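Have a look at it, and then we'll go through it piece by piece.

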Amino acid sequence: MIFTVLIPLLLACFVPLISKIKDKIHTGIFVFFIPLAIFLYYIQFVGSDFTTVNQTVDWIPALGINFDFYLDGLSLLFVLLISGIGALVVLYSIYYLGKGERLGHFYVYLLMFMSAMLGVVLSDNIFVLYTFWELTSISSFLLIGYWHFNERSRYGALKSMLITVFGGLSMFGAFILLSVITGTTSIQSMIEQKDIILNSTYLPFILVLLLLGAFTKSAQFPFHIWLPDAMEAPTPVSAYLHSATMVKAGLFLVARFSPIFSGYEWFFIIVSIVGIVTLCWGSYMAVRQTDLKAILAFSTISQLGMIMAMLGFGTEIAVYAAVFHILNHATFKGSLFMVAGIVDHETGTRDIRKLGGLLNFMPMTATLALFGTFSMAGVPLPFFNGFYSKELFFDSSIDLTAGISGFADFLVQVIPYLAVFGSIFTFVYSMYFFFGVFGGKKQFNLLPKKPHEAPIGMLISPIVLVLGVIIIGLFPNLVNGTFLAHAADAIKGAVTADQHIKFWHGWDSPAFMMSLIVVGIGTILTFTRKKWAGVYRFLPGKLSLFKFYDIVLDKLNSVSNGVTKQYMTGSLRLYVAIILGTTLTLTFITMGATDGFTIQFNNLSDVRIIDLSVVLIMIVAAVGTIFARHNVAIILIAGVVGYGVAVLFVIYRAPDLALTQLVIETVSVVLFLLCFYHMPKLRKRDETKRSKAVNIVISVGFGALMTIIGISAHSSKWFDSIANYFIETSYKLGGGHNIVNVILVDMRGFDTLFEITVLGIAALAIFSLIKLKKNKEAD
Amino acid sequence: MYKPNDLILRTTTSLIAFILLGFAIYLLMAGHNSPGGGFVGGLMTASAFVLMYMSYGIETVKKILPINFRTLIPIGLLIAVGTGAGSFIFDVPFLSHTFGYFTLPIFGEIELATAMLFDIGVYVTVLGVTMTIILSIANDQ
């Protein structure tokens, strides 16, 4: 199994080499065989005697991250969709993309995506699943932005990237929580331990984070906004990624984890509501669109919502309907996208207002579109597979049993009505799509190209898909027991015998009545569409989520820009104020919280007159520096403080320090005078009262802080001083009576070594600063 | 151009500079047993030189003291590191010092410590640093 996942990725490396010879042979022809081979490999698993298959290849065993592949009915369904439709899409793209395009890029991205998607559906390890999941986001980003010279393409690619990666990261959070709670990274073992998860206090977080991932990927309300913009991608990409495969990854995720959460009522509530709302909103909005692919995008959104809702219902029949509809939707939506691509390719526009009356000019395409749209609408005829799954959907929506809480109870009552409402609009946009393009008046003067039938190669893929629609429609039980039952079994566990899909439910079947209502009202609405189209001015009107996204993104930029400008002003004064203010606040808070301040009076020396007088002079000088108005005066007054310190050293019997302090003070005063000689005079700063007050608060606060820290440090001596050791051993070990010097050059000579290095670097730096400046002036 | 008559300054400088230099060397040598040491000795030497520069002018002093003070910095650092690394010869950790008593012809019995060599490194570096900084800034136009 691992080879089927990795082969597209490996062979993608050779595509650039092959694409060099694209003048003679289209690159897609080589690529076509890869998904075909994978499809043929997996088709052997289809059958009534299906058993699950496991394969493990070590990757990072120490972290429990391995390529654990697990093939059950659900993954088999998806794998066949991915490889089967992948092959058809590649075939289609051979005719769709000319040799002038950058084919190497296209097929590398496409193969990358295929690999990622296969990895998502086959992985049993959540972290491997996540890796492939993000790879689908990245390759989808690349594919949407394939025509990167197009501004809309870049916008759509970025949008889809932001939204799906947001969801992907949320999902990653859920995965981490899951693996921490259960102690395993395997989904199957998590399902076995579902009691632990269901009893965990983190359950709401896990559920919400996981569903965020699924909803963003599957374009559920309100995260659906990226899908219509992703229609800027080449049509084969839209057909493949945005109808059949990637957008179903979210459904896959929900289905995969539903054995764990199906007992949890909030799972039912959230997933059903989001699904139903997406169904209604997507189908309602689809009628409003004028671009063919936009109609299909909203239709995809609404169909995905419908499947999501069914997964939320979680009853046996609903799960069965969900997997059935995943299959059906892939067939008819894939073919419809290809039809839209053909129409675009042969007429030069996708604008439905310019199209019309193409039935006689493109009969093949029209036939294909007829099957696709009518199946999508759920028209009750026995060769449209969409009808069966829609019937099952209605069946499951009225089959719901009341939940425990009142809200779930209410939901159960409402869902059938919403289901009918959404399906009516589904019918309307399906008819709108078909008759808008192929029916009505000819208006070829609006078209950039003269329309004609597509080349047969381009029609092969939609024909295959439509054949799928018809065959499943005529013989639904062909895929039933061999295939779908296993998929439903993987989600629901122990589905009894295979559901028997019937065309005829009988007149008294409520699902059939609902279908008739849908067709009836849908037909009326289709004919009167022009009359009620005005409602779109009120809803969505100003409530458009697309605008909301743009505003949020815009605000995010401007607000963060503004915030940064507020504090990154380039003013060093402000930075110092921020640094000191933060230090001050944090230290005071820490001190207050830990009760760090102590003061003791028992270990104090007597205060003498001479100490007091020296300190007084220093205080006067220090205060003087604040009020001095001339820079030389400031330097000299500051010198007084320095000499005061030297005197204090003398008083406190530190002759070495006193000597050094004296000389250093002198040297630095001289240096200051040398420098300040060249400097401009001090100017009085124009300060507002407020900034002045802030400065005073910070400086006084910092002084107070240092004082308090000093007192506390003095009052809490926790260990004996090591000074005695130096006093005893200074002569014995160091051979000197000057303890300070012995410490400096012998006991801790290492410090001194680097202190003189610091001095040397400083001197060389000053020298080079001055010399370099001179050279610059000479230039 | 106005030229001050600084005869008194120059005369006293020639005297005081020697006293300062002598005091500096005393500080360096005595550092191990009484206040002083390489650092303050270096600074004191530098101040003697600065005094000379101040009273005689940079050009004149350059003639009598043809020293490039910048080279003193690496020399001093080399002495200090070399003293430290010398301990490897005797298979002891870096910067292990030792001392001993020797009887020399003129001085009689004196104590010699390897720490003194290290202090000389400090002395040379500090001298080089101080003079480099002051001369660089003073020479700046």
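How much of residues 115-138 of chain B is helix, how much is strand, and how far apart are the end C-alpha atoms?

## Chain B and its annotated spans

That stretch, residues 115-138 of chain B, comes out as 100% helix and 0% strand, with its end C-alpha atoms 34 Å apart. Keep in mind that you're looking at a predicted model.

## Where the two chains meet

Now for the contact between the chains. Chain A puts in 39 residues and chain B puts in 40. The size of an interface is often given as the accessible area lost when the parts come together. For chain B and chain A, the buried area is about 3,400 Å², and carbon and sulfur atoms give 74% of it. On the chain B side, B:His32, B:Ile137 and B:Asp140 supply 16% of the area that chain B buries against chain A, more than any other three residues.

What about polar links? There are eight residue pairs in polar contact between chain B and chain A, counting pairs with both residues at pLDDT 80 or more. Salt bridges across this interface number zero. Several elements of chain B supply at least two residues each to the side that touches chain A: helix 2 (38-56), helix 4 (69-86), strand 1 (99-104) and helix 5 (114-139). Helix 5 of chain B gives the most, with 15 residues. Sorted by class, this side of chain B has 23 nonpolar, 13 polar and four charged residues.

## A hairpin in chain A

Over in chain A, look for strand 1 (residues 53-60) and strand 2 (residues 65-71), which run antiparallel and are joined by six bridges. Together the two strands form a hairpin with four residues between them. In the turn, A:Gly64 has a positive phi of about 70°. A:Ile60 stands opposite A:Ile65, which belongs to strand 2 of chain A.

The whole structure has eight salt bridges over all chains. One to look up joins the side chains of A:Asp72 and A:Arg256, at 2.8 Å from N to O. This pair ties together distant parts of the chain, 184 residues apart: A:Asp72 is in the loop between strand 2 and helix 4 (73-96) of chain A, while A:Arg256 is in helix 13 (residues 249-261).

Next, find the loop between helix 10 (203-217) and helix 11 (226-229) of chain A, where A:Pro222 lies. The peptide bond from A:Phe221 to A:Pro222 is cis, with omega near 0°. A:Ala219 is in that loop between helix 10 and helix 11 too, and its phi is near 55°, a positive value in a residue other than glycine.

## Annotated domains of chain A

UniProt, in an unreviewed entry, lists residues 123-400 of chain A as "domain: NADH:quinone oxidoreductase/Mrp antiporter transmembrane". In the model, residues 123-400 of chain A are 75% helix and 0% strand, with the end C-alpha atoms 32 Å apart.

Further along, residues 694-771 of chain A carry the UniProt annotation "domain: MrpA C-terminal/MbhE", again from an unreviewed entry. Residues 694-771 of chain A are 85% helix and 0% strand, and their end C-alpha atoms lie 40 Å apart.

Definitions and conventions. Residues numbered from 1 in each chain as written. Chains lettered and ligands numbered in written order. Heavy atoms only, no water. Pairing = 2+ DSSP bridges. Contact = heavy atoms within 4.5 Å. Buried area = accessible area lost by both parts, 1.4 Å probe. Salt bridge = Lys/Arg side-chain N within 4 Å of Asp/Glu carboxyl O. Polar contact = N/O pair within 3.5 Å; in protein donor to acceptor, adjacent residues only side chain to side chain. Nonpolar A, V, L, I, M, F, W, Y, C, P; charged D, E, K, R; others polar. UniProt positions renumbered as here; feature names shortened; annotations may be inferred.
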